[in-house]
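Trainee: I would like to go through this model and ask what stands behind each label. Please set the values against the definitions.

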Amino acid sequence: MATEYLTVKEALTAVLHSVSPLPAETVGLTEALGRILAEPVIARDSLPPFANSAMDGYAVRADDVTQASQSLAVSLQVVGEVAAGTVSDIILTPGTAVRIMTGAPVPAGADAIVPVEQTNEQYRAAERPLPEQILIYGSVEPGAYVRHIGEDIQAGQAVLPAGHQLRPQEIGVLASLGVAQVPVVKRPRVGVLSTGDELIPVEAPLTPGKIRNSNSYTQLAQIQALGANPVPLGVARDTVADVRDRLQAALDAHVDLIISSAGVSVGAYDVVRSVLEEGGNIGFWKVRMRPGKPLAHGTYQGVVYLGLPGNPVSAMVSFERFARPAILKMAGHTHLERPQVTAVLQDEIYSDGRESYVRAVVERNSSGDYIATTTGSQGSHIMTSLVKANALLIVPEGVKYAPSGTQLAAMMIDWPASVF
Ligand code: AMP
Ligand code: MG
């Protein structure tokens with residue numbers, strides 16, 4: 001298969017085109033935080049479901065107390081009491097009032113609530129015996145302190161659209177509407193494969209020529225951070241048989257997407273490429289991007305496949321650029337991009353004309369503007385420059401030098417409270 005040269009945009013468009021939102025599943029409300037609604041939620045009830053009091057006080061007819069003031073109290077006959085959770089069958093007639101607690105249904109005939117603070121029963125009304133008369137020291141408008149039926153949500157109304165991510169406040173709305181089981185998009189299961197004879201387990205002591213496998217852990221964490229389900233596929237040795245076995249394990253685990261790192265360029269031991277060429281429908285791309293030029297994309301035995309470069313920084317940046325939006329799309333998200341701000345470069349950047357993703361710290365200066373400083377060596381093996389970074393500055397294609405003062409788009413890989 002021929003290697004193609006693509007812009008970042010072309011590659012991203014093709015990757016996103018190859019994946020679709022997964023089907024729905026139903027989860028309990030306590031499991032729904034962060035999930036994406038698979039269907040719109042239609043209110044089966046109104047909220048509030050009945051007119052109720054916003055205050056502890058007295059339910060009255062506003063007409064009865066229009067003359068009431070501090071100096072001229074109006075006396076009403078107290079004909080009953082209604083607490084939250086109960087219903088009163090009293091119908092208010094002129095000159096009467098019902099003692100009412102917050103959240104209790106407003107009795108028929110009443111059209112306003114006088115807060116207890118505007119009566120002669122100043123505090124702890126609920127603990128006192130019900131008085132026969134109550135003095136009202138202020139007038140109220142009709143509707144005062146009444147929470148009306150359907151004021152928040154009307155029965156039959158579309159409350160939340162499909163694709164909406166559930167935060168605590170949405171969970172609360174669903175609970176209020178009696179939605180105990182929530183239809184959400186399935187979490188993508190993403191297999192993570194590392195390849196290379198040089199890789200040893202994290203627990204192992206270093207031996208000559210070997211390095212610990214870090215990419216698997218970075219990627220498993222990146223997947224986890226998206227709310228998707230990471231499926232570790234281990235490390236494949238640089239043999240066709242081993243790569244094939246690991247990919248078979250991925251298929252057996254019913255993953256929705258396979259991500260691998262390394263072995264996709266043209267080195268003598270890049271056996272991943274051979275296996276994919278025979279068992280898949282994969283394109284090998286050279287993306288005009290820095291870091292992260294080589295990228296394999298397509299399907300292996302019908303499962304979408306993304307082969308990222310091996311260098312840890314290239315792998316992480318390629319994941320950010322291509323895998324992350326793809327996984328978000330599969331998970332039902334509609335916003336697939338990191339937040340971006342425009343930041344003023346404080347140092348300088350040399351590039352080679354490819355679209356570059358430069359590790360940087362974005363912060364605010366004393367006038368509140370975003371400023372960006374690169375985090376040192378941009379070698380694709382320098383992992384600590386990513387540790388220091390909260391952003392990737394995007395140097396557009398064709399630009400080979402960005403002097404201090406250049407305004408650049410900063411893709412915020414982190415949205416730190418210290419900056420925003
Ligand atoms: P390759 O694409 O196989 O030529 O690998 C490119 C570079 O990435 C080499 O220096 C590898 O040792 C390194 N590399 C590949 N896989 C991993 C991994 N899982 N963890 C850390 N480094 C890796
Ligand atoms: Mg290799």
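Mentor: We can begin with accessibility. At 28% relative accessibility, Arg246 counts as partly exposed. This is a predicted model, in which local features need pLDDT of at least 70 and side-chain atom pairs count only at pLDDT 80 or more, while totals for chains, interfaces and linings use all residues. Residues are numbered from 1 along each chain as its sequence is written, chains are lettered from A and ligands numbered from 1 in the order in which they are written, and side-chain values use heavy atoms, with hydrogens and water left out.

Trainee: Why is Asp242 called buried?

Mentor: Buried means under 20% relative accessible area, exposed over 50%, and partly exposed in between, with a 1.4 Å probe and protein chains only. Asp242 has 18% relative accessibility, so the residue counts as buried.

Trainee: What makes the contact of Arg246 and Asp242 a salt bridge?

Mentor: The term requires a side-chain nitrogen of Lys or Arg within 4 Å of a carboxyl oxygen of Asp or Glu. Here the N to O distance is 3.7 Å, and the pair qualifies. Both residues lie in helix H4 (residues 240–252), 4 residues apart, about one turn of the helix. Helices (H or I, at least four residues) and strands (E, at least two) are DSSP runs, numbered from the N terminus.

Trainee: How many salt bridges does a search of the whole structure find?

Mentor: The search finds 12 salt bridges. Among them is the one between Glu337 and Arg321, at 3.1 Å, N to O. This pair links distant parts of the chain, with Glu337 in the loop between helix H6 (312–330) and strand S22 (340–345) and Arg321 in helix H6, 16 residues apart. In another, the closest N and O atoms of Asp352 and Arg354 are 2.9 Å apart. Glu81, Arg99 and Glu121 are linked in a network of salt bridges.

Trainee: Is Arg321 buried or exposed, and why?

Mentor: Arg321 has a relative accessible area of 8%, so this residue is buried.

Trainee: What makes S1 and S16 edge strands?

Mentor: The open sheet has 7 strands in the order S1-S18-S20-S21-S17-S13-S16, with mixed pairing. Strand S1 (3–6) and strand S16 (229–236) each pair on one side only, and these are the edge strands. On average, neighbouring strands of this sheet are turned by 25° against each other, direction ignored.

Trainee: How do you know that S1 and S18 pair?

Mentor: Two strands pair if DSSP finds at least two bridges between them. S1 and strand S18 (residues 280–287) have 4 bridges, in the parallel sense. Glu4 has Trp285 as its bridge partner in S18.

Trainee: Which strands does helix H1 touch?

Mentor: Helix H1 (residues 8–17) packs on the sheet and touches S1, S18, strand S20 (294–300) and strand S21 (303–308). Contact means heavy atoms within 4.5 Å. The direction of H1 makes about 160° with that of S18. Axes are lines fitted to C-alpha atoms, for helices over the stretch in contact, and angles run from 0 to 180 degrees between N-to-C directions.

Trainee: Why is Ala51 called partly exposed?

Mentor: Ala51 has a relative accessible area of 28%, so the label is partly exposed. Ala51 is found in the loop between strand S3 (41–42) and strand S4 (52–53).
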